[in-house]
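I opened this notebook to record a set of look-ups in one structure. The entries follow the order in which I made them.

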Amino acid sequence: MRKRVFSSIFLTALVTLAVTVSLLLMAVHSGLSQDLRERLSEECNYIAAAAVSGEQQELQHIGSVYADRITLVDTDGTVLYDNKSDAAQMENHASRPEIAEALEKGVGESSRLSDTLAEQTAYYAIRLADGTVLRVSSTADSAFGALSSASPWIVLIVLLALLVAALLASWLTHVFLEPIVALDLHEPLKNDAYDELSPLLHRMDKQNRKIESQLGELKRRQAEFDDITARMDEGLVLFSAAGDILFANRAVRVLFPNDSAAGGYMTLCRDAEYIRVVERALSGKSAHGRMEKDGRVYALTASSVAGAGQSHAAVLFVVDVTEREQAERQRQEFTANVSHELKTPLTSIMGFAEIIENGIVRAEDIGRFAGKIRGEALRLLTLIEDIIRLSQLDEGLSVPFEPVELSALCGTVCDRLAHKAAAHKITLHLTGKPVTVSGERRTLEQMVFNLADNAIAYNKPHGTVTIQTGEENGVPFVRVSDTGIGIAPADQPRVFERFYRVDKSHSKQTGGTGLGLSIVKHGAALHHAQIDLHSTLGQGTEITLRFPKAD
């Protein structure tokens, strides 16, 4: 802008200078021409008067001393006399403008410039009484000629004028632009600028307020988007049509901590399924996939977003479905195990019943067979009750809690298991101090019962089972320990799964359902209790339940 303003002012100065010089030159030329014509008019009239009184001799006398040119022309254009040239050698002057005009009107004049424009010749003619025409002419330097002769000085003056114009243009440019350059565009109404800029400044102020409002709204929406995506457990990635990563939320950065969440989509992950899903979305089609990373399973869902022309951007969701797949696998295993566990006693019952029905069994064996049927039915009923109880715990139904004294509850469990312990030649011990927790009595009793029942079932002959209650660092606990066969370290993480058995052959002998410890796990979750398992093969097992402090 500074160059344009400078150029405009400088060009204006040059044009003004050129126009001024041209007009001045024209004025000087016009003035010189006018003075010359007036002088020639006076001299021609004087010479005409003298020539009439003294005829041609007087004219010749005047011509000999007169500096300008005197010519006498006959009515047909023949030159009769000329004080500067031989009249006989001169051409006919009838066609000369001043001669023709004088013959017609009595007076004629004209002016002619030389070919170089350096000289100007003025002519003035008067028709005499005898019809001849007296013409007086004078040659002088024209304004152009004077200008040409003074060209060195003129060049110097022009250069000085150009320098002055340049300096003036530079100064004016600075003066004009300084208020504009100093404008505060953030607060335009506080500027002390030209009045002509007021509409522009008001419009800028209005535009600034509008932009600030829009920026505030954009920042608010960006903050909302960032907050929402940061709280998402699912990974969210936005890809441009070129495959570059435009955005990746916190979950994605946690999932791929060692990979780059910037650049092309290949920099984020090199998994083949991930690449297939993203490339399909970038081609304009939605895609789904499954990816495994660090022992976790992730569902990939990519959607295509139409862009300009034929290009497509993409949105990728990464969802951790490990627990869902594990739950699905456990559900399938649970269904298969339940079917198997239900089928086994039912098969036995149907077999014994069929033998009795067909009269194959002897009369004295009917009671024994009926006992076997009753035992299998009891086993079936126990399994069904455990499944129902486990389902109730799975549903997480709200149950009323009450203060429960653990030592008394464990005493009840010992009474219930006394007969089984005696049958297995196991000694039951109840130790510790009374302690009260808040919980659901039936579930707490079943949890302790299942732990003690397993301790008896998987113990050695003449072994011991100890149930201890009390507090450790103010935390209530129940601890069940035995001197049994123990649990291998590889099996310890899975003993609380449904139907998981460490020794399946021994489990069949004990008649367990495989759901006892699973009920303990779900009951602990219901009471926000912690389970600690310590076991050594051949030495025994110790399981401790630690409960929150009761209010």
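Predicted model: local features only at pLDDT ≥ 70, side-chain atom pairs only at ≥ 80, totals over all residues.

**Entry 1. Asp482**

I looked up Asp482 and found it in strand E15, which spans residues 475–482. I asked which side chain of opposite charge is nearest to Asp482. It is Lys460, 8.7 Å away. I noted that Asp482 is buried yet has no salt bridge; a salt bridge requires the nitrogen and oxygen atoms to be within 4 Å. The side chain of Asp482 does reach the backbone nitrogen of Gly484, at 2.8 Å. Leaving aside neighbours within four places in sequence, I listed the contacts of Asp482, among them Ala455, Asn459, Thr464 and Gln539.

**Entry 2. Nonpolar cores**

I turned to the largest nonpolar core, which has 34 residues. Those touching the most other members include Val413, Leu444, Val478 and Phe547. Among the elements that each supply at least two residues of this core are helix H10 (406–423), strand E14 (464–472) and E15. Another core, of 24 residues, lies apart from the largest one and includes Met291, Tyr298, Ala314 and Val318.

**Entry 3. Hairpin**

I examined strands E6 (residues 235–239) and E7 (residues 245–248), which run antiparallel and are joined by three bridges. Phe239 has Ile245 in E7 as its bridge partner. Five residues lie between the strands of this hairpin, and Gly243 in the turn has a positive phi of about 90°.

**Entry 4. Salt bridges**

I counted 17 salt bridges. In one of them, Glu98 pairs with Arg135, with the closest N and O atoms 2.8 Å apart. This pair links distant parts of the chain, since Glu98 is in helix H2 (residues 97–105) and Arg135 in strand E5 (residues 133–141), 37 residues apart. Glu98 is buried, at 0% relative accessible area, and Arg135 is buried as well, at 2%.

I then looked up Glu217 and Arg221, whose closest N and O atoms are 2.9 Å apart in a salt bridge. Glu217 and Arg221 are four residues apart in helix H5 (residues 198–231), so about one helical turn separates them. Glu217 is partly exposed, at 29% relative accessible area, whereas Arg221 is exposed, at 52%.

Glu292 and Arg290 also form a salt bridge, at 3.1 Å from N to O. Finally, I recorded one network in which salt bridges with shared partners join Glu472, Arg479, Asp532, Glu542 and Arg546.

Notes. Residues numbered from 1 in each chain as written. Heavy atoms only, no water. Buried < 20%, exposed > 50% of the residue type's maximum accessible area, 1.4 Å probe, protein only. Lys, Arg positive; Asp, Glu negative; His and termini not counted. Polar contact = N/O pair within 3.5 Å; in protein donor to acceptor, adjacent residues only side chain to side chain. Contact = heavy atoms within 4.5 Å. Core = buried A, V, L, I, M, F, W, Y, C linked by side-chain atoms within 4.5 Å. Pairing = 2+ DSSP bridges.
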